[in-house]
Amino acid sequence: MFIAKMRRVAFRAGFTLVELMIALAIITLLTSIALPTIKNTLREQQVSRSATLFQSVIEEARARSIATGGGGGIIIDRIGGRGPLDRSQAIRMRFATTPAPYSGEGLGTRGLIVVRFGPSGVELDTLEMVVPGEASQLLRSARDISVSPNKRTLINPGDIVQLGDNGMPAQITGISLTGTGDVRLFLQRIEPNSNFRRFHNQEVPFRILRSPTPAIAMPTELSQGATIDLTSSGIGRFGNEFSPMEIEGNYVDSTALPFTVATNRSQVVDYGSIWILFGARGEVSRVLATQRVSGALLLQELPVLGDIHFLVGRSGDLKVDPNDQLEDTDGSPFADDADDGTTPLLSDESIWVTIKSRNGEVVASSWTNPFVNQAQMIPPGPPSNNANQRLRIRSVIGAARTAAVEARDLGSN
């Protein structure tokens, strides 16, 4: 009797099949409603986490540089060179370090300068410096390069030489041995107005600023789904020096670089990494990036004429065709999603990570629509030639950066 009564109580305490089906249906409905919101939140966090990670890596690189007396920094690696998308985005960062400057083995080491002149006596951009063979690091570098021209050694083409007591800069374009066992450096002036005539046939002190190298440390990568959009990144308010389109001077011809895709490895064009180096006080001392020089892609020193801006966004939104970036033809590329589409430059999920050149401070600014004011509209597009398309893209980049920085300064970010 007692056992039967307990069975009836246990039976009444459970759920019927109908009740379980109703509960399951309610849970399924609530999940389907909440899932898109959860997905969007996670997607937005990918960009936010990546921007925070990127900012922290830059700050770590700056701190390392200060601790070692300057010259260190960060290397931002493109995904690759096989196609337009790989060239236009980066997800990996490495630390950089710079060897100490080289002025010879002793206090009195000097180099003999020979300035090249044209037929009319006008100074050309090239000069030579002959250094005695006892400068062992230069001698070893010349020997290494004579055996393997592409080998990285102690001192390399691309390094900067400061000449004389005032440190007038020139760039090394070649290193070779002379018949007497000395070392000959082929130099090219960096600043257009530099006049080396007063050094002609003079022995002057020199100081070689050696190129940075990757530090011995594991690289850091952004969260999956996020990327650094290099088509919209650069120096100053309008700069996009890191964009393959700017490197090639091509914004409209889809049959030429940077839009063509290599068919085999020998045709791959490597657009190279971006190097941001800091001085002893944490300021931005140098920016190195690949540029096209006389048909070849070379790592070049870029003038630091403003803060350095990187746009962090969703990798799936990246578009490299300028017409796709700004798709519509009205004066506001941000006016309507139906016509404009989505790219990191036009996406409210994107975040600007800015390195202030004067002190190296790193700040993040959320994307802000710059065209809420009709007076800020840009000329309608898309234009049909490189110059107009370049101007249109740079105008949008400048407007987007300005709006984000102003919003951050006003405390609304």
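**Figure 1. Lys356 and Glu361 form a salt bridge.** Buried means under 20% relative accessible area, exposed over 50%, and partly exposed in between. K356 has a relative accessible area of 26%, so K356 is partly exposed. The model shown here and in the other views is predicted. E361, at 36%, is likewise partly exposed. The closest N and O atoms of E361 and K356 are 3.7 Å apart. Side chains of opposite charge can pair when their charged atoms come close.

**Figure 2. T354 sits in strand β16.** The strand covers residues 351-355. T354 has a relative accessible area of 3%, under the 20% limit, and therefore counts as buried. The T354 side chain makes a polar contact with the side chain of H309, at 2.9 Å.

**Figure 3. H200 lies in the loop between β7 and β8.** Strand β7 spans 183-189, and strand β8 spans 203-209. H200 is partly exposed, with a relative accessible area of 27%. The H200 side chain reaches the backbone nitrogen of V115 at 3.1 Å. A polar contact of 3.5 Å joins the side chains of H200 and N201. E128 is 72 residues from H200 along the chain. The C-alpha atoms of H200 and E128 are separated by 9.6 Å.

**Figure 4. The largest nonpolar core has 30 residues.** Residues with the most contacts inside this core are F54, I74, I228, F242, I276, I308 and F310. Elements that give two or more residues to the core include α2 (17-67), β1 (73-78), β2 (89-97) and β11 (226-235). Also among them are β12 (274-278), β13 (284-293), β15 (308-314) and β16. Helix α2 supplies the largest share, six residues. A second, separate core holds 26 residues, including Y102, L138, I145 and V161.

**Figure 5. A close-up of I228 and the residues it touches.** Residues up to four places away in sequence are not counted here. F54 and F310 are, like I228, among the residues with the most contacts inside the largest core.

**Figure 6. R94 and D77 form a salt bridge between two strands.** Their closest N and O atoms are 2.8 Å apart. R94 is in strand β2 and D77 in strand β1, 17 residues apart, so the pair links distant parts of the chain. R94 is partly exposed, at 22% relative accessible area. D77 is buried, at 5% relative accessibility. R92 joins R94 and D77 in a network of salt bridges.

**Figure 7. R64 and E60 pair within helix α2.** Their salt bridge has an N to O distance of 3.2 Å. The two residues are four apart in the helix, which means a separation of about one helical turn. R64 is partly exposed, at 36% relative accessibility. E60 is partly exposed, with a relative accessible area of 36%. The structure holds eleven salt bridges.

**Figure 8. The whole chain, for context.** The chain has eight helices and 17 strands. Buried residues make up 44% of its 413 residues. The accessible surface comes to about 21,200 Å², of which 55% belongs to carbon and sulfur atoms.

Technical notes. Residues numbered from 1 in each chain as written. Predicted model: local features only at pLDDT ≥ 70, side-chain atom pairs only at ≥ 80, totals over all residues. Heavy atoms only, no water. Buried < 20%, exposed > 50% of the residue type's maximum accessible area, 1.4 Å probe, protein only. Areas by Shrake-Rupley, 256 points an atom, 1.4 Å probe, with all protein chains shown as cover. Polar contact = N/O pair within 3.5 Å; in protein donor to acceptor, adjacent residues only side chain to side chain. Core = buried A, V, L, I, M, F, W, Y, C linked by side-chain atoms within 4.5 Å. Contact = heavy atoms within 4.5 Å. Salt bridge = Lys/Arg side-chain N within 4 Å of Asp/Glu carboxyl O.
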